[in-house]
Amino acid sequence: MLYSKALICLSIGLVLSACGAIETEVEAETKAETETEVETETEAEAETEDEVEDEAETSIQKNVFASEVISFEAGEAAGFGMDEFPDVVLGPPEGKGNNAGSMDVLSLGIGGTITLGLGGFDVVDGPGPDFIVFENPFWVNNSPTNIWKELAEISVSEDGETWHTFPCTVIDEQVDDYGDCAGWRTVQAFEVDDDFVLDPQTAGGDAFDLADLGLTQIRFIRIHDLAESGATPSAGFDLDAIGAVNFTLATAAQ
Ligand SMILES: [Ca+2]
Ligand SMILES: [Ca+2]
């Protein structure tokens, strides 16, 4: 419509004032259209922001770490980390890569045992490893076959009464392969925010698969130190953290 008016103006040579009137009309309508577009976009942006906020409120939590200590029986020569217990074993680990161990740990002591829970979450059997236990081993002289380690046995339970154990069986001590023992795989450094997703391929730590025990869902994880000796106050397994890889909101307690 506006284009046709302008073409008519040019082709039939209407007086300049008439053309000016058309131009003014075009400008006014264009401005009005632009304002309407701006208003529409602003409303659209506002709606999008509302949607984002709604999604954030209802979105599924992307990372879960142990958030409660159910019990702790310290072994002989324990003590390190007690001044910050229980926080020192809750939340994400503070890994330092292959060549250094976290100091944000609790030493269990010789034969010590600790049981933790994930707050309102259960670990479930999904693809591959389902949870990771983080100790503070490191490679002596940067050698993956010369590991400073302190081993522990991991057990899991759905109800806190019946326990299932991943046997800590040494596969090959010559090449430092300790199978399903915890406490020998180094922990990588990573930052955890709301969008962080724990990945067994990159996080390090000792990863466990519920499928290996024929289990589908558990609520509690127990760590039992296997040391036979050690110096006070840092004897035994040094627990940094436990992270869930596959998890779900817990159903009501049994
Ligand atoms: Ca699994
Ligand atoms: Ca820690």
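This is a predicted model: local features need pLDDT of at least 70, side-chain atom pairs count only at pLDDT 80 or more; totals for chains, interfaces and linings use all residues.
Two strands are said to pair if DSSP finds at least two bridges between them. The mean pLDDT of the protein is 85, and 76% of its residues reach 70 or more. Buried residues make up 33% of the 254 residues in the protein, and among contacts with a separation of 6 or more, 79% are between residues 24 or more positions apart.

- Another open sheet has 4 strands, which are arranged in the order 1-15-6-11 with antiparallel pairing.
- Here strand 1 (64-65) and strand 11 (206-208) stand at the edges, and since each of them has a single partner strand, one side of each is left without a neighbour in the sheet.
- Strand 6 (residues 131-134) pairs with strand 15 (residues 241-244) in the antiparallel sense, over 4 bridges.
- Across this pairing, Val-133 stands opposite Ile-242, a residue of strand 15.

**The pairings of strand 5**

- Strand 5 (residues 121-124) runs antiparallel to strand 16 (residues 247-249), and 3 bridges join the two.
- Asp-122 has Thr-248 as its bridge partner in strand 16.
- Strand 5 also pairs in the antiparallel sense with strand 12 (residues 217-218), in this case over 2 bridges.
- Val-124 has Gln-217 as its bridge partner in strand 12.

**The nonpolar core**

- In soluble globular proteins, nonpolar side chains tend to be buried together.
- In this model the largest nonpolar core has 47 residues, and those with the most contacts inside it are Leu-108, Phe-131, Ile-132, Ile-154, Ile-223, Leu-239 and Ile-242.
- At least two residues of this core are supplied by each of strand 1, strand 4 (113-117), strand 6, strand 9, strand 11, strand 13 and strand 15.
- The strand that gives the most to this core is strand 6, with 4 residues.
- When residues up to four places away in sequence are not counted, Leu-108 touches Ala-74, Gly-75, Ala-78, Ile-114, Ile-223, Asp-225, Gly-236, Phe-237 and Leu-239.

**Backbone features in the loops**

- Phe-85 and Pro-86 are joined by a cis peptide bond, with omega at about 5°, and Pro-86 is found in the loop between strand 2 and strand 3 (106-107).
- A cis peptide bond also joins Thr-232 and Pro-233, where omega is about 5°, and the place of Pro-233 is in the loop between strand 13 and strand 14 (238-239).
- Ala-77 lies in the loop between strand 2 and strand 3, and its phi is near 65°, a positive value in a residue other than glycine.
- With 21 other C-beta atoms within 10 Å, Ala-77 is buried, because a residue counts as buried if 20 or more other C-beta atoms lie within that distance of its own.
- Asn-141 is likewise not a glycine and has a positive phi of about 55°, and Asn-141 lies in the loop between strand 7 (138-139) and strand 8 (147-148).
- Asn-141 is exposed, with 6 other C-beta atoms within 10 Å, because a count of 12 or fewer marks a residue as exposed.

Methods. Residues are numbered from 1 along each chain as its sequence is written. Chains are lettered from A and ligands numbered from 1 in the order in which they are written. A nonpolar core is a set of buried Ala, Val, Leu, Ile, Met, Phe, Trp, Tyr and Cys residues joined through C-beta atoms within 7 Å. Two residues are in contact if their C-beta atoms, placed from the backbone, lie within 7 Å. pLDDT is the predictor's confidence in each residue, from 0 to 100.
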